[in-house]
Amino acid sequence: MTKAEKWVPYFFLAPALLLIVFFRLLPAFSGFLESLYATSFAAGGVKTFVGLRNFQDVFADPVGLQSIWVTLRFNLIVNPLQIGLALLLALLVNQALRGIDFFRSIYLLPIAISLNVTAIIWGLVLNQYGLMNGLLRVLGLPAQPFLQSPNQALWSIIMMASWVGVAYWALFILAGLQGIPTELYEAAEIDGTGVMQRFMHITLPLLRKVLVFVLVADTVANFLLFVPVLILTSGGPQLSTNTLMFEAYRRGFIFGDFGTSSAMIMLLLGATLAIVAIEFWLLRTSD
Amino acid sequence: MTTTVVTRTKTEQEARNLRRRRRLAELLHKLLSYVLLVSILAIVVVPLMWAVAASFTPNEQVFKYVFPFSWRALFPSDPTLEAYVNLFEQRDFGRAIVNTLALSFGSVLIGLLISAMAGFAFAKFEFRGKNLLFVIVLITFMIPVEVIIIPLYILMRDWGWINTWYGLFIPGLANGLVIFMFRQFFADIPQEILDAARVDGASWPRILFQLIIPISLPAIISGALILFLGSWNSFFWPLVVAPAPEFRVVQVAVSLAVQSRQTIWNELMAGAILAAIVPVLLVFPFQRYYVRSIASTGIK
């Protein structure tokens, strides 16, 4: 390679890197700085360095603590639920059945639709007189408050998020399943192994890489989930769906408290990274 | 002799029983699979069918056949275009659609160019900092824009990009997923082709644009689809950076309707259908490309 050649890859990368630096890394860095400062509007927007006080405030404030609890509860339910169902769905549509392509294409529908439109449609489905209560009525069951109840609102968001998420993550798992050579199953069948044994000893180990990816990506997506909360509940009723992500938005955009808002975002990113690391460690390959 | 005949028929009988039992098990398995497939189909389709039906129903009747549920809720009994007409005549939906189409096509064209160039650099060159840069690209695409929305908003305000096409358009152009996908695709193109072109004296940009791009149609279709869906479906960023009505995009127009017109159900549903129909119609014919590109990011 000549000396001029050395610059060729940087030339090709330049536009993408400039965009990432200016519109992703720079804001992320200034968000980090913001989390260490307090802005006083009384003093005309003067910023004072406060160290970790914004972080202490998050934990000292009952609303902040509550939002951490909501985030943990939401994620402990939604991630295993989505991935378990996605695995089952992928196994179901991986079978050689007549018309399976038709079912697979229809299952893509929720993925193509934007999250805010999905939330709007589910808002009406879960309305007091909506589709869900109409169906419950036909089954002779009492109507439920869903999004109006502090006990059911978080579950309603879990349901809505899974309507999209299960189909989406199943797509990755299905691709993984299709990459497993069928000869492995044939050989195991000749050896007289059962369905469960084949699943445990062939399918799961060979899906490991895909499952790690799905688990990590799903955790990140759900820790930072925002739009459905904004549209369906705005964190209510009684803060029962007020995730840390949503509380950060309320603090920043509605109350203008950028310092605490940024501290919350940093906590969220830190926790997400830690959980991703733990998931990788738990699923590490022995080789 | 008679005993051997008897044992043979006995084993034949057993074998036949075993085969019959296995066929029965297979049949049951198939039946159960179809029951599950159809149930999931209903979970996916029924809410959407209801949304479509409600958008063609006069507003007073939207909940009429839903509570308690009857089949008529999914098929409007006296269909009307009232909701759609209102959206275009009173709510300026026409402008929102034109804005969104302009934004989406622009993002596809420029986004493809930027991502293909970056993917090419990662696939075919060795350079200092390559791995670090690639990790940065991968991480940035996993972090949704909502996370950095406040500092990004402040940046836009400082640059005077609020309520401008720049603010709406430029920050969303870099897409790590598309860069990653192009890298995977280009990596499979044999190095000899590039070397031969180099020997013939072709410049690197010429190799990318006249040699590589023309043989990369599948990657381009996948990339275009991801970029189009990304900008057609983007909601929170346009809401924050360009709140003025003349920059309204479809997703924002629909979502603002939730707050301002809570009881005009049929218009709400008509807006939702308009916002959803374009990506749905695009994903269906090209689903092979879409699925393959999405899935490849998980496997490799």
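**Helices that meet**

Helix H1 of chain A and helix H4 of chain B are oblique to each other. Please keep in mind that this model is predicted.

Visitor: At what angle do H1(A) and H4(B) pack?
Guide: Take H1(A) as residues 8-34 and H4(B) as residues 130-142. Their axes lie 11 Å apart, and the packing angle is about 55°.

Visitor: Which residues of H4(B) make the contact with H1(A)?
Guide: From H1(A) come A:Leu13, A:Leu17, A:Ile20 and A:Arg24. By class, the contact has six nonpolar, one polar and one charged residues. On the H4(B) side, the residues are B:Leu133, B:Ile136, B:Val137 and B:Thr140.

Visitor: Which helix gives the most to the side of chain A that touches chain B?
Guide: The contact between the chains takes 65 residues from chain A and 66 residues from chain B. By class, the chain A side has 48 nonpolar, 14 polar and three charged residues. With 18 residues, the helix that gives the most to this side is H1(A).

Visitor: Why are H4(B) and H7(B) called oblique to each other?
Guide: H7(B) covers residues 176-187, and its axis is 8 Å from that of H4(B). In this contact B:Val137, B:Leu138, B:Thr140 and B:Phe141 of H4(B) meet B:Gly176, B:Leu177, B:Ile179 and B:Phe180 of H7(B). The angle is about 135°. Angles over 145 count as roughly antiparallel and 65 to 115 as roughly perpendicular, so this pair is oblique.

Conventions. Residues are numbered from 1 along each chain as its sequence is written. Chains are lettered from A and ligands numbered from 1 in the order in which they are written. This is a predicted model: local features need pLDDT of at least 70, side-chain atom pairs count only at pLDDT 80 or more; totals for chains, interfaces and linings use all residues. Axes are lines fitted to C-alpha atoms, for helices over the stretch in contact, and angles run from 0 to 180 degrees between N-to-C directions. Helices (H or I, at least four residues) and strands (E, at least two) are DSSP runs, numbered from the N terminus. Angles under 35 degrees count as roughly parallel, over 145 as roughly antiparallel, 65 to 115 as roughly perpendicular and the rest as oblique. Two residues are in contact if their C-beta atoms, placed from the backbone, lie within 7 Å. Ala, Val, Leu, Ile, Met, Phe, Trp, Tyr, Cys and Pro count as nonpolar, Asp, Glu, Lys and Arg as charged, and the others, Gly among them, as polar.
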